[in-house]
Amino acid sequence: MFKLNLKIAWRNLWKNKVYAAINIGGLALGLTAFVLMLLYINHEESYDTWSPDLKNVYQIREKHDFFTPDNKEHWNEISNSRIANLIRTKLPQAFAVTKVDNDWDFSSVYSLKIDNANPVVINKIKDSDSSFFHVFPYHFLQGSADKALENKNTIVLKESLAIKLFGTTKVLGKTVNVVRWRSDKGSPLTITGIVADPKTPQSLSFNAITRTGDKDKDPENPTNNNYCFLYAKLNKLSDTLVINQTLQKLYIDLKKNLLGGQKQRYNDLYKDGKLPGLKLIPIETVHSTPPYKMNWFEKLKPVIAISAFLLLISVINFINLATAQSVQRAKEVGVKKVLGCYKRQLTWQFLIESALQSIISLFLCIILIEVVLPAFNSQFNVDLSFWHNAQLLTMIAQLAGLFVLVTLLAGLYPAWVLSNYNPVSVLKGNYENVLRGIALRNVLVVFQFVISVTFIISIGIMQMQSRFMSNKDLGFERGNLINIKSNYEDNFAERLKKIPGIEYVATTTQVMGNTFNVPEEVKYKGNSINLNTVTVTMDALPALGVKVIQGRIFSKEFKQDTVNTVVLNEAAANLFGKNIIGQTYGKVDWEGKTNIFQIVGIIKNYHNEGFDKSVLPTVYKVTSLGGTSNTNNLLVRFNTSQYKDLINKIEKQWKVLYPNFPMEYTSLDDVFSKSLEDNDRFMNMIILFSIVSVSLSLLGLFALSTFVAKRRTKEIAVRKVLGASNIQIVNLLNKSFLILVIVANLISWPIAYIIIKKWLDGFAYRIDMPVFPFFIATLISIIIAVLTVSIQARKAAVTNPVNALKYE
Amino acid sequence: MIELKNIEKYYSSKGIKHYVLRHVTTTIKQGEFVSIMGPSGSGKSTLLNILGMLEEPTYGTFEFLGEDVTSLNERKRIELYRNHIGFVFQAYHLIDEMTVYENIEAPLLYKKVGSSERASRIANLLDKFNIVAKKDLFPNQLSGGQQQLVGIARALATQPSIILADEPTGNLQSAQAEEIMQLFQKLNKEEGITIIQVTHSEKNATYGNRILNIQDGVIKEDSPTQAPQMGGVV
């Protein structure tokens, strides 16, 4: 029976090759988008799951306002290093605690020197203490977890790094010289272990773990704090709820002690029910709960929604075509029923047919995935793989689930319709009441077009917004400007200034790509104003090429420019009021003394972050170099766009001064493109998905119109005999679909408006909602729908009516 | 074998009853070959549908093999289809996607007949109807008469006790029609299969041994055929 059903299913598919291809191909496309998403989600979910022992590993998070982007209190991944000792001594459930370097966005590169070879730049080398491998259950290929970091000046490499550096993992006892920043003397570290690379990604990823000894102790002075990552391994069966309560109590005591040392009253700081906070979170949840950023799932939500829609569109095609085809199958159902076949058996038969198609689609989808995965990986900066996947089994289970889901979604309704046919009427050749599900089919077509039209409108508006962004005046000249990852040093700067072609060498704490915001409160005419402070060198503003609106920018001619004159940006000037050039304001410093600053100029706002954030009201000050201006920026402005040679010259100078640390730089053009990258990526994906969704909808419409034309063959023939022209016949068929497309447009307008409005609101600098993408989308959808239907309608119109009327 | 008592069938629209069958009472015995005749719209097809349990009467009782089958659930009805009733249609209604062999096999599969038994029965039927050479062809590769032969073979595959035929020769040329009717007569005479057919043609009706004449939903005449004749050997 099963075999015969399968055979019939196959013969039916073969008979309706074109529709079967549309069905299967469409479904494969929909599935591909969905499975890619699944792969990505699996990847994100697999963080920190590489060992069962990680169940007992926790990250410690402290609530504080140190180095948070908005200078407010948050639960932070970096905590006061003293907490490690607190847990070690006061919490008996803790098996081991370790401190690890955190990532600093801009300068996380170390230079590694082996013997006398050229230094190599390696990122993600993290300093820790002796307990690191007691907490994290890494598998040692060489050395052992107990002994590896027993002594100071040791380093443990990951297998991949060892192979990259030495070509082998048998490197125990060798020495590498690690230079951590440009002026660091470097420390020779002995390799004491090699650990295997885990199969799944890690939230705390590293290439090597060092123990220099810096993490062994906490600052002696209670006013000094070190912040770093803290991880603890607890005994099995520890109740985190109870432990977190204990921790909170311990932490309050610690805080009181420390504040006592700082002669500050604990009660002053924590009033009105505010409490210091400390907690443990399981390490598997670290990746999905980043502090003050959207987690991956939030970011991915629109993409997940889109790929689910795509799958839905292809499933809808499937349902529409299957029900439209059902007329052809009606006789078979009727006959089988009188031959003694149960309805249940028929339902199964049709489900098997759907299953056959979805399994073919699934195989096609796997092939497609293999094809598109490299592009997908480079587009999303991930390294996903289907076959070489640590969770291949999970993946297969998910695919099986997806297969069942799609089969049921696509097959259940057609199977139900088909198996419900009344044998008496179909065997009489009366198909009138067979044509069930027309209403549903119309609803589904409308639904498909709502999705497609919404996509088209979205592309239009997104394209306009991104054109607006890439053409927007940034307020500074980003061309011919590079930023070397280095602090300003007179010696080096003077050498560079001598190179012809170099216009300015300067530093600032605020430049696109590396911004360090320092808040301050000033008093102006009795009002307090909150500003963001940026420290610059004399040349920094001209180097950036900012535009002066009023007054002047810093200049060597004015002696007090290095003492107490300031330049404001427009946003800050607006807070002060009008006619402020030459006015002064006061600022209380940390000793309680009031310093007076004079405003000498106002510059146009310039962007240093993406267009999603508005420019902060900022005050620019020149200090006697160094100090807070040391945030690893060295701006170099060229007076020519052919600056490749000049960079070589700079590197030559660099090597003379800093032979142990390679030079790294970025051009501001690259930084700017990078700031648009996320958006571009998102847009490319939307464009791709829209094209797929629109073509799927059209394929569906094409096939559907074929069936409708076939169904109405007799009507068309009669109309022709009565004198209808071909055009009239084509219009007749078009009309029924056109109404659906127009209804879909009307529905999608408000939907697109709401979604796009929300997207645009995410940008501080955005275009006004344009109207014409809405009309364009409507026009496009109508034109292509008419074209699609007309192809089939014309065929129906030009056939000789005799053929249709000859037989009943 | 079949006992109809006061069968009525009507459709009501806007409160008015449109009768299709009225006061139909009759008995059909095992081994009879009954032809139901009557003009278009007289209700003969409806009567056949009721006999085939494809439609339910609005009123009256219907006993089949001594059992009341006036309204049956799907399971019981399908049991009867599998074991006792074979259908033959005017438009043959072979399944287009199945070969001749598979078409004949289908009811046996539903009846869950073992594979060797199945093969031998099908071989028997193909042989009997002289269509062995055609067994791997699809219905659209056969002539109308051949298709109807396959239709009859399929109806006989489960060895039913009764065959219900709705205008079995309506779509055939006269020579082919005659062949089919002779086949029916032979099945009735030699194998004792009860046959009920609906027909327009006086000539076809004479192959049977009883004619039910229906007009406007009422049995006007119930008579044996005049001269039972054997129209040659098939």
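Trainee: Why is Met53(B) called buried?

Mentor: Met53(B) has a relative accessible area of 8%. Buried means under 20% relative accessible area, exposed means over 50%, and partly exposed is in between (1.4 Å probe, protein chains only), so at 8% Met53(B) counts as buried. Bear in mind that this is a predicted model, in which local features need pLDDT of at least 70 and side-chain atom pairs count only at pLDDT 80 or more, while totals for chains, interfaces and linings use all residues.

Trainee: Where does Met53(B) lie?

Mentor: In the loop between helix H1 (44-51) and strand S4 (59-64) of chain B. Helices (H or I, at least four residues) and strands (E, at least two) are DSSP runs, numbered from the N terminus. The phi of Met53(B) is near 60 degrees, a positive value in a residue other than glycine.

Trainee: And what about phi of Asp48(A)?

Mentor: Also positive: near 60 degrees, again in a residue other than glycine. Asp48(A) sits in the loop between helix H2 (17-45) and strand S1 (57-64) of chain A, and at 3% relative accessibility it counts as buried.

Trainee: How do you know that the side chains of Glu298(A) and Lys301(A) meet in a salt bridge?

Mentor: Check the distance, which is 3.4 Å, N to O. A salt bridge is a side-chain nitrogen of Lys or Arg within 4 Å of a carboxyl oxygen of Asp or Glu, so this pair passes. Glu298(A) and Lys301(A) are three residues apart in helix H8 of chain A, so about one helical turn separates them. Glu298(A), at 37% relative accessible area, is partly exposed, and so is Lys301(A), at 41%.

Trainee: What makes Glu353(A) and Arg329(A) a salt bridge that ties together parts apart in sequence?

Mentor: Their closest N and O atoms are 2.7 Å apart. Glu353(A) lies in helix H9 and Arg329(A) in helix H8 of chain A, so the pair ties together parts that are 24 residues apart in sequence. Glu353(A) is buried at 9% relative accessibility, and Arg329(A) is buried at 4%.

Trainee: Which parts of the chain does the salt bridge of Glu55(B) and Lys9(B) link?

Mentor: Those side chains meet at 3.8 Å, N to O. Glu55(B) is in the loop between H1 and S4 of chain B, Lys9(B) is in strand S1 (residues 2-13) of chain B, and the two are 46 residues apart.

Trainee: What makes the set with Phe376(A) and Leu541(A) a nonpolar core?

Mentor: A nonpolar core is a set of buried Ala, Val, Leu, Ile, Met, Phe, Trp, Tyr and Cys residues joined through side-chain atoms within 4.5 Å. The largest one here has 119 residues, and those with the most contacts inside it are Phe376(A), Phe476(A), Leu541(A) and Tyr620(A). Helix H17 (residues 668-711) of chain A gives the largest share, 18 residues.

Trainee: Why does this core lie between domain 1 and domain 3 of chain A?

Mentor: Both domain 1 (2-43 + 295-469 + 675-806) and domain 3 (486-663) give residues to the core, so it lies between them. Those bounds come from an automatic or database domain assignment.

Trainee: How much area do domain 1 and domain 3 of chain A bury between them?

Mentor: About 590 Å², 67% of it on carbon and sulfur atoms. Buried area is the accessible area (1.4 Å probe) that two parts lose on being put together, summed over both. The salt bridge count between these domains is zero.

Trainee: How many salt bridges are there between chain A and chain B?

Mentor: Four. In one of them, the side chains of Glu102(B) and Arg11(A) meet at 2.5 Å, N to O, so the pair is within the 4 Å limit.

Trainee: And how much area is buried between chain A and chain B?

Mentor: About 2,500 Å², with carbon and sulfur atoms giving 62%. On the side of chain A, Val338(A), Leu339(A) and Tyr342(A) lose the most area, together 27% of what that side buries.

Technical notes:
Residues numbered from 1 in each chain as written. Chains lettered and ligands numbered in written order. Heavy atoms only, no water.
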